[in-house]
Every structure is written in structure tokens, then in C-alpha cells.
Amino acid sequence: MKLNLWSRKNLRASDFVIIAMVTILVIFGVVMVFSASYYKSINESGSPYDYLIRQGIFALSGFVIMAVCSYLDYHLFRRLSILILLASFILLLLVLTPLGREEGGATRALYIGFTIMPGEIAKVAVIIFTASFLASDTKLILSFSKGVLPLLILMGVFGGLIIKQPNLSTAITVCGIIAGIMFLAGLQWRYVIGAAVAGSAAVVGLIAIGDDIGMRHWKKRIVAFTDPFADALGDGFQVVQSLLALGSGGLFGLGLGKSIQKNLYLPEPQNDFIIAIIGEELGLIGLLILLAVYAVLIWRCFHVCLNAPDRFGMLLAGGITIMIGLQVVLNIAVVTSSMPATGIALPFISYGGNALWIFMGCSGIILNISRQSGGSEESGKTKMH
């Protein structure tokens, strides 16, 4: 294990823009979790500060995790990739046993004295394994039987276990991460086109015969999001309240802390639908500024990806960047009823320790890759060995 001591040289080698963007997002997230959860916290405990205190603790510990991961040589994760994947697989199996905790009609967490979200861990596990697998041979991705097929099986196994929870957006994220890393590694376009056609056919088939093959739940979720107001007090309730919040915000918003929908109208406003409260309180301008911060972060992460010192570093940084970007897009899609409503955290902002720790730990890995490639002092040329 390579453990570098902190120094001014190391600080210069790290990508300061990434540090700044993550810090901005995390601090903003703590503020918005406090605002969004204010009335819910009073309703549950009598104090408005419960979620604020917990998210503050998650954030502070997250910075420690990010710092530790920024010191660790990222090649360590390559050596542990199979063990990490196996541990993640076992956790996904355990969540489907009586050890799983059911909340909101889905079983997505394990509680063993503290809460573990296996779906969040699975994202990191597949990033590390896929990057390690494809870094072993540059020509591996060109072989269907040796390169593409094993990763398709990985998508099927992990995606299937997560859908069983059920958690469609996390399953899409996991599969999208694997597909994205494959594309970075040189996946041929015919596979991309074939996957798009097969996915579209599967959705159409599910809508057409979902009732007949015992998948009424998924058919209902897919059809419902197209017109949530058709069942505004049932399956469409949360999305309808979210759209009302976004519409109420207008251009400049109602003002920080002045959301109406968070007053026990929008369920769990501090979690997956927190962007609706942001839009209501800070308006379209606030949302655009937030998206600009995400855009800068993603751009800098891709910069690290392109300048990574080796192929594993490039694929690892690329996978983390894809995870962040994909979750931002999926979260916005769910909140705006552009896809079926299912739980997915807004990176660095939504309430919850597991997701925040994962994202901040991954940011630390990106910083370590940046440090080893010279960070912002690099000329921008891709180096792969």
C-alpha cells in the first residue's frame, strides 16, 4: 500500500477544483436537508434539528473518508476488486432475507446496529471490478465471449438483485456504470446499438404483456409516470407534490426556508426529492447554479480520467464520474416525472450517510488519481500503460 504524507507538494498535485466543488455541494446539502426536513423533524421528534445534526455528522465524517481515500494508493482497490465485488454480492443477497429492512414498500437496507445500503455499495464494487477487469488487457473489450459477456452477466446478476428490492433507479445506475466503463474501454458501437434496441423492446413488451407475466407492478410504475395526475392521491402523489413545488418556485423561488410543500405535503422531502424543495425555495436560477456546480465537478473528474497515469486509473476515474453524472440525471428525471418514481439520491446533497460517504470516498479516490498524475499541472495528454 502506498500512503503519501500530506505536504504542500501533494496539495498542489490534487485537483483543487474538485475539492472546492465537493465542499460547496456538501455544505449546501446540509443547509438544504435542514430546510427540507424542518417540519418533518418537528413532527417526528419535536425538534427541528434532528436531521440537521445527523447530516452534519455524516458530512464531517465524509470529509475524513475523502481525506483517507485521497491518501491511499488507488491501485490497492485493484488488488481487492474481487473481494469487494463478492462482499457486495453477499450484502445484496442478505437484504432479501429477514435481515432486510422494509421502508416505503421496498427492502433496500440492512440493519445490524447501523444501517447499510447494499445498493450504494454495489455501485462502487462494480466500478472497481469492471475497471480492474478491463484494465488487464486492452483488447479484452473487443472479445464478446471473454470481455463483453462476463460484464453482461455481471449486469444481469447485480441489476436483477437490486430490482428485486425493488429499486429500479439504482439498478439502472449500476448497469449504466458498467456500460459506461465498457464504452470508455473501447466497446464497439454495434453492442451499444444492440443494447438500446433490446432495452426499448423490453419496455414496450412489459407495457404490452406485463399483467400476463406477473410484472403488473413494473408495468404500473412505467405507465403511471407518464401522467401522475391521473392518480394524484395514489401512485402519482409524491411526483405531483414535487411538480407543484417546482412550479411554485418560479424563477427566483419563495426564499430559503419558505417552502410550502415541505410542510408534510411532499413525503420524505430531505431524501430523493430534495431538488424539488431546492427549486421551490431558490427557483429556476438556484437550480441552474446547482447544475453548473455539478457540471464543473464532472468536467474536472473527466479531466482526471483523461490524464490518469494508467489504464486502471482512467477507467476507475471514468466510472466514478459516470456514477455522479448518471445519478444527477436520474434524480432530476424522477423528480420531474421523466421516468418512473423510485429512490435515488442526489449526489452530495440528499439526506443519508451511506450515499454521502460513498460519494465522498469516491471523490477521495479521484483526488488520489489526480495526485499521481500531477493534477492540474499535467499538460492534458492521456497516459496509459
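Lys40 pairs with Glu44 in a salt bridge, with the closest N and O atoms 2.8 Å apart. A salt bridge here is a side-chain nitrogen of Lys or Arg within 4 Å of a carboxyl oxygen of Asp or Glu. This is a predicted model: local features need pLDDT of at least 70, side-chain atom pairs count only at pLDDT 80 or more, and totals for chains, interfaces and linings use all residues. Residues are numbered from 1 along each chain as its sequence is written, and side-chain values use heavy atoms, with hydrogens and water left out.

Lys40 and Glu44 both sit in helix H2 (residues 16-45), 4 residues apart, about one turn of the helix. Helices are DSSP runs (H or I, at least four residues), numbered from the N terminus. Lys40 is buried at 12% relative accessible area. Glu44 is partly exposed at 46%. Buried means under 20%, exposed over 50%, partly exposed in between (1.4 Å probe, protein chains only).

Glu268 also meets Lys40 in a salt bridge (3.2 Å, N to O). Glu268 lies in the loop between helix H11 (237-249) and H12, and Lys40 in helix H2, so the pair ties together parts that are 228 residues apart in sequence. Glu268 is partly exposed, at 34% relative accessibility.

Lys123 forms a salt bridge with Glu120, the closest N and O atoms being 3.1 Å apart. Both residues lie in helix H6 (residues 118-135), 3 residues apart. Lys123 is buried at 0% relative accessible area. Glu120 is buried at 11%. The salt-bridge count comes to 4.

Technical notes:
Helices (H or I, at least four residues) and strands (E, at least two) are DSSP runs, numbered from the N terminus.
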